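Hello,

Please find the structure below. My notes on it follow.

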Amino acid sequence: NRARMEGIVVFDYADRYHLAVAEMAGYLKDGRMKSKEDIVTGGVDAFPEALIKLFTGENFGKLVLQVATD
């Protein structure tokens, strides 16, 4: 029986992070990649609820606390 595992150390490429961020931003803008956001409304008063969601895994994607409206 055999096993093999490969990986990379992302810190080896830290000097190229800005290139990845720029490319991924283009993917988001073009619609080739989508970002999910879980928005909790209610301002600062909703912070405890949002924090609990973060640590219990109830959220999906980015957890955003909306503190003001436009």
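(Exposed means over 50% relative accessible area, buried under 20%, and partly exposed in between, with a 1.4 Å probe and protein chains only.) The side chain of R32 meets that of D30 in a salt bridge, at 3.3 Å from N to O. D30 is exposed too, because its relative accessibility is 54%. A salt bridge here is a side-chain nitrogen of Lys or Arg within 4 Å of a carboxyl oxygen of Asp or Glu.

Some background before the rest. This is a predicted model, in which local features need pLDDT of at least 70 and side-chain atom pairs count only at pLDDT 80 or more, while totals for chains, interfaces and linings use all residues. Residues are numbered from 1 along each chain as its sequence is written, and side-chain values use heavy atoms, with hydrogens and water left out.

The structure holds 3 salt bridges. One of them joins the side chains of R4 and E6, at 2.4 Å from N to O, and both of these residues are exposed.

Another is formed by the side chains of K53 and D38, at 3.1 Å from N to O. This pair links distant parts of the chain, with K53 in helix α2 and D38 in strand β1 (residues 37–40), 15 residues apart. Helix α2 covers residues 47–56. Helices (H or I, at least four residues) and strands (E, at least two) are DSSP runs, numbered from the N terminus. Are the two partners buried or exposed? K53 counts as buried because its relative accessibility is 15%, and D38 is buried at 8%. Leaving aside neighbours within four places in sequence, K53 is in contact (heavy atoms within 4.5 Å) with D38, V40, E58, N59 and L63.

Now the chain as a whole. There are 2 helices and 2 strands, and along the sequence they follow the pattern α-β-α-β. Buried residues make up 10% of the 70 residues. The chain has a radius of gyration of 18 Å, whereas a compact globule of 70 residues would have one near 11 Å. That radius is taken over C-alpha atoms, and the globule rule is 2.2 Å times the number of residues to the power 0.38. Along its principal axes the C-alpha trace spans about 50 × 35 × 25 Å.

Regards
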